[in-house]
Amino acid sequence: MALPQINVSPKYNGKIPSTGIEYTYRPFLVKEQKVLLIALESKDEKAILQSVVDTIEACTYEDINVNELATFDVEYMFTQIRAKSAGETTKVTIKCTDCEEYTEVSVPLDKIEIEVPTGENNIQLTDQYTVKMRYPSYKHLAVISELESSTITEGMYEMIVACLDSLQTEEDNISFQDETRADIDNFLNNLNNDQFDKLVSFVTDLPKMEHDIVFDCQSCGVNNKQVLQGIQDFF
């Protein structure tokens, strides 16, 4: 006689931050949690990123290409699934800004929001040329994480490449997807510092999952005010 499945998973409604598209999801089960824990224990960033994608794909009912979603979409969706699966709060250890000792702090996952700017992401380089930017997809984050000996500068450069959508001129709209990597590198390397800094600012100011947190250090008692940003800070 086959063993029964004794639990019926509840369904919840969510909304993808960058698009506003609604989706339905369930809490993750032991089989998904086991994969997550194995990935976390391995400390392999590629495995961790893939386990996040696998969890979202397993727990959502719609046909969503998770790898094509913006990085902050994936982080937010995973956090919402985690909140319904293992409690709406998580405990993180945070370093005191004064004595540098760590304090365990509870973070309300259900209170986390992401502010996504409205309008097109256009950056005017000159009177004739405007670059349209896009939010980097999660697959781009996975590719960048695999770069060997990647410095912060190299990582920033690769993120800019991932965010390039099109170059708008007075006569044409040139898609960067249709250009070779060599041509894209040549285009970026011939920008002046002010123009390149505008692209850097876009990447630096990308929407992100963040939450302001206030706590008293358990070692020295100093009141701390810090901002948690990105999925790594929350788990």
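With a relative accessible area of 56%, Lys91 counts as exposed (over 50%; buried is under 20%, and partly exposed lies in between, using a 1.4 Å probe and protein chains only). Please keep in mind that this is a predicted model, where local features need pLDDT of at least 70 and side-chain atom pairs count only at pLDDT 80 or more, while totals for chains, interfaces and linings use all residues. Residues are numbered from 1 along each chain as its sequence is written, and side-chain values use heavy atoms, with hydrogens and water left out.

Which residue does the side chain of Lys91 meet in a salt bridge? The partner is Glu104, at 4.0 Å from N to O. (A salt bridge here is a side-chain nitrogen of Lys or Arg within 4 Å of a carboxyl oxygen of Asp or Glu.) This pair ties together distant parts of the chain, with Lys91 in strand β3 and Glu104 in strand β4, 13 residues apart.

## The whole protein

Stepping back, the protein has eight helices and ten strands (DSSP runs numbered from the N terminus: H or I of at least four residues for helices, E of at least two for strands). Along the principal axes, its C-alpha atoms fill a box of roughly 65 × 55 × 35 Å. Of the 235 residues in the protein, 37% are buried.

How many salt bridges does a search of the whole structure find? The search finds six. One of them joins the side chains of Lys84 and Glu88, with 3.2 Å from N to O.

Together with Glu158, Arg181 and Asp185 form a network of salt bridges.

## A negative patch

On the surface, Glu113, Glu115, Glu210 and Asp212 gather in a patch of negative charge. (Patch residues have over 30% relative accessible area and no salt bridge, with like charges joined within 9 Å; each charge is placed at CD of Glu or CG of Asp.) Glu115 belongs to the loop between β4 (102-108) and β5 (122-124). Glu115 counts as exposed because its relative accessibility is 73%.

What is the phi of Glu100 near? It is near 65 degrees, a positive value in a residue other than glycine. For context, most residues other than glycine have a negative phi. You will find Glu100 in the loop between β3 (89-95) and β4, and its 52% relative accessibility makes it exposed.

## The cysteines

If you are curious about disulfides (pairs of cysteine sulfur atoms within 2.5 Å), a search of the whole structure finds zero. Cys217, for example, is in no disulfide, and the nearest cysteine sulfur, that of Cys99, is 3.6 Å away. Is Cys217 buried or exposed? Cys217 is buried, with a relative accessible area of 4%. Cys163 is also buried, at 0% relative accessibility.

Methods: Patch = residues over 30% accessible without salt bridge, like charges linked within 9 Å, V, L, I, M, F, W, Y side chains within 5 Å. Areas by Shrake-Rupley, 256 points an atom, 1.4 Å probe, with all protein chains shown as cover. Lys, Arg positive; Asp, Glu negative; His and termini not counted.
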